[in-house]
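Work through these exercises with the model open beside you. Try each task before you read its solution.

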Amino acid sequence: MCWRSQDEALSRLSLKNPWHFLALGFGSGLAKKAPGTFGTLAAIPLYLLLSPLPLAWYLLATAIAVVAGVYICDRASKDMGVHDHGAIVWDEVAGLLITMIAAPTGVVWLVAGFVLFRIFDILKPWPIRVLDARVHGGLGIMADDVLAGVFALGCLQGLAYWFAG
């Protein structure tokens, strides 16, 4: 496979394997540059599919994405022999779903949620950085992005309150 020419860890994965396919964000994590950003972009169609659901169903789907993500990311990480390889982006998918909980509808809010999540995911302010460094395995891969999603959710809801209030 020639996704990243010299990346032996990626050669251990297959998009035909459903766990790998999900871990790689439907293939978006194979981007040569900014795979996390591409993984977050790949989450947008899933968000748009889930957003019309009643809040309780959206929350359930998001919880499933997070809980399943621990296994999905752990499995891919072990199969690759690398902890939190950049191509594993299911955590970004779950993080965007968290960010967009009860978000106002509209492209502006989706873009705002996307940008806020990417800021928190990239900068990893305290305590996100602590989780990233100290928690390992699938839980560790997911934990920092879940918390980044929670921070971005709080900011997005604050903006919605500020502008709608």
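**Exercise 1.** Is Trp-90 buried or exposed?

*Ground rules.* This is a predicted model, in which local features need pLDDT of at least 70, side-chain atom pairs count only at pLDDT 80 or more, and totals for chains, interfaces and linings use all residues. Residues are numbered from 1 along each chain as its sequence is written, and side-chain values use heavy atoms, with hydrogens and water left out.

*Solution.* Start with the cut-offs: buried means under 20% relative accessible area, exposed over 50%, and partly exposed in between (1.4 Å probe, protein chains only). Trp-90 has a relative accessible area of 7%, so Trp-90 is buried.

**Exercise 2.** Classify the ring pair of Phe-26 and Trp-90.

*Solution.* Recall the rule. Rings of Phe, Tyr and Trp (its six-membered ring) pair if their centres lie within 6.5 Å; planes under 30 degrees apart count as stacked, over 60 as edge-to-face and the rest as tilted. The structure holds five aromatic pairs. In this one, the ring centres are 5.9 Å apart and the planes stand at 80°, so the pair is edge-to-face. Now locate the partners. Phe-26 sits in the loop between α2 (18-23) and α3, and Trp-90 in helix α5, so the pair ties together parts 64 residues apart in sequence. Helices here are DSSP runs (H or I, at least four residues), numbered from the N terminus. Phe-26 is partly exposed, at 35% relative accessibility. Phe-21, Phe-26 and Trp-90 form one aromatic cluster.

**Exercise 3.** Why does the length of α3 agree with its number of residues?

*Solution.* The expected span is 1.5 Å times one less than the number of residues. For the 16 residues of α3, that should give 22 Å; the end C-alpha atoms are 23 Å apart, which agrees. Then check for a bend, the angle between axes fitted to the seven residues ending at a residue and the seven starting there. α3 bends by about 25° at Ile-44, and Pro-45 follows within four residues. Last, look at packing: the buried residues of α3 pack against α4, α5 and α6.

Technical notes: Helices (H or I, at least four residues) and strands (E, at least two) are DSSP runs, numbered from the N terminus. Contact means heavy atoms within 4.5 Å.
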